[in-house]
Amino acid sequence: MYNEKVMEIFKNPQHMGEVENYNAIGTVGNETCGDIMQITMRIEDGIIKDAKFKTFGCAAAVVSSSTATGMIIGKTVEEALQLTNKQVIEELGELPPQKIHCSVLAEDAIRAAIADYESRQGK
Amino acid sequence: MEKSIYLDHAATTPLSEKAFEAMKPYFCEMFGNPNSQHVYGREGAKAVSESRAKIAAAIGAKPSEIYFTSCGTEADNWAVKGTAWQYGDKGKHIITSMIEHPAIYTTCKQLEKYGYEVTYLPVDGEGFVSPEELEKAIRPDTILVSIMFANNEIGTIEPIKQLCEIAHAHGVLFHTDAVQATGAIRYDVKELGVDMLSMSAHKFYGPKGMGALYLRNGLKMEKFITGGEQERAHRGGTSNTPGIVGMATALEEAMSTLEQDAAYVASLRDRFVEKVLANIDDILFNGPKDMSKRLPNNANFSFRYIEGESILFSLDLAGISASSGSACSSASLDPSRTLLSIGVPVGTAHGSIRFTFGKHNTVEDVDYTVEQLVSTVRRLREMSPLYHKK
Ligand SMILES: Cc1ncc(COP(=O)(O)O)c(C=O)c1O
Ligand code: FES
């Protein structure tokens, strides 16, 4: 049910783990299925220097988390906030309809991490 | 795919060669409608009647007590709805369990919309229905108790004889869904005492789309599939002659080697369970711990901190086909009702996998699967925000 690209990423997900001395962390749960994603980032001068994810979820959640994390590294915080699950799905080609909700996890986790960063900055 | 190991025999089994051969002539040569009054029809009718006798013999029934259906689900629907319709003026209360297959469970849910009341009995931590709970649930207006013979997810073998005796002591009819049990456990319907019993051919190396309902002689039962005079006017629809022949051949074959096959399959399963428990921590082994009280082919585990679909998909990539009791494997996102009923927490239930062995599996299959499972679980746990190395 998954395409080649998704299968390849699942076999070998990138950006998995936890960033050392991260200064942003976001953990979100998926309301639809109870799955969980965590993203950690090192943000310097408004730029995401590094980011890593951890996921308790299905293959679609793992793959979209990995892809979304890759898409925001090197981007500014403002750019990262623009990222939507639609862009992640476009990057992957497609996801089965019942797996669309899984890609929302990454988007939400990124926003949560940036909110965490901003609160640490006292904004 | 280089390797391909099938560990999903509770979902379906490959058709036996013998059954396949037996079915072949009934497609193109002896294709007659068994109800037709000519030589073609007589050939078909003979095949159907011989098959009925074989199936009856396999379960200790009389041929006149076996009715062919299009699948196990139809047999279950017939038993429940047929009873509800036939005896609805006596009462509208039905008792079943929380861990029934959807063929029973959703049928009961549907009847609730039409004025029937259903009690879904809870089960204990290993999936057993309690005879005391059943006795307490019976009311003057109870017309049917339907409890599965063996559970498809966790393999629990219910105390059918005992449960049936309780129902009968209160004058209530008893049905059992023996779809997983038939061909895996030897039983005799007369000894069990059940009034109705469902089976399905594709679970015992027979063809898909073939089931049967045992209806005790003398039991009045409303029709479910109305139509022609087939199945002694109890079930309309032209008989699926090749399917019927395949089903009977497969069951006869399964019964002839049942004890050897069950012992072999159980030995693979036991080796698997032992190795998994020895090599992976933070897991639950779901279902009866006493292996004699579970289906010989069944093993079911919950792997904490990781999610079922990811496990299943990783195994699939390694050439291993198993099944997940978890939400994410199917269109439905709810975790398994059976696992929740035995007390597995929701999050943990999500990380559950069922392995069901078959007679074509080997010791090598078991060892390779354990190896792959160990590395998969390790890899996914490294990925999981819930897992913290000890
Ligand atoms: C316990 C049980 N009941 C009923 C069924 C349905 O049988 P069938 O697939 O023939 O409709 C199954 C098979 O999935 C089952 O395991
Ligand atoms: S993240 Fe839960 S089903 Fe995909």
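So, B:Ser200 and ligand 1: a polar side-chain atom of B:Ser200 sits 2.6 Å from an oxygen atom of the ligand. That's a polar contact, meaning a pair of N or O atoms within 3.5 Å; within protein, one must be able to donate a hydrogen and the other to accept it, and residues adjacent in sequence count only if both atoms are side-chain atoms. Quick note before I go on: this is a predicted model, where local features need pLDDT of at least 70 and side-chain atom pairs count only at pLDDT 80 or more, while totals for chains, interfaces and linings use all residues. Side-chain values use heavy atoms, without hydrogens and water, residues are numbered from 1 along each chain as its sequence is written, and chains are lettered from A and ligands numbered from 1 in the order in which they are written.

Back to the ligand. B:His202 has a polar side-chain atom 2.9 Å from an oxygen atom of ligand 1, and for B:Lys203 a side-chain N or O atom is 2.8 Å from a ligand oxygen. The protein covers 88% of the 390 Å² of accessible area that ligand 1 has on its own (Shrake-Rupley method, 1.4 Å probe; for residues, only the protein chains shown count as cover).

Who else is around? There are 13 residues around ligand 1, where near means a heavy atom within 4 Å. By class they are three nonpolar, seven polar and three charged; nonpolar is Ala, Val, Leu, Ile, Met, Phe, Trp, Tyr, Cys and Pro, charged is Asp, Glu, Lys and Arg, and the others, Gly among them, are polar. Helix H4 (residues 72-87) of chain B gives the largest share, three residues. Helices here are DSSP runs (H or I, at least four residues), numbered from the N terminus.

Next, helix H3 of chain B, residues 39-59. Its 21 residues should span 30 Å, and the end C-alpha atoms are 31 Å apart, which agrees; the expected span is 1.5 Å times one less than the number of residues. Its buried residues include B:Val48, B:Ile55 and B:Ile59, buried being under 20% relative accessible area, exposed over 50%, partly exposed in between (1.4 Å probe, protein chains only). The face turned away carries exposed B:Arg42, B:Lys46 and B:Ala57.

Now compare helix H2 of chain A: 12 of its 14 residues are buried, so it's largely enclosed by the rest of the structure. After H2(A) comes A:Gly74, with a positive phi near 90°.

Technical notes:
Helices (H or I, at least four residues) and strands (E, at least two) are DSSP runs, numbered from the N terminus.
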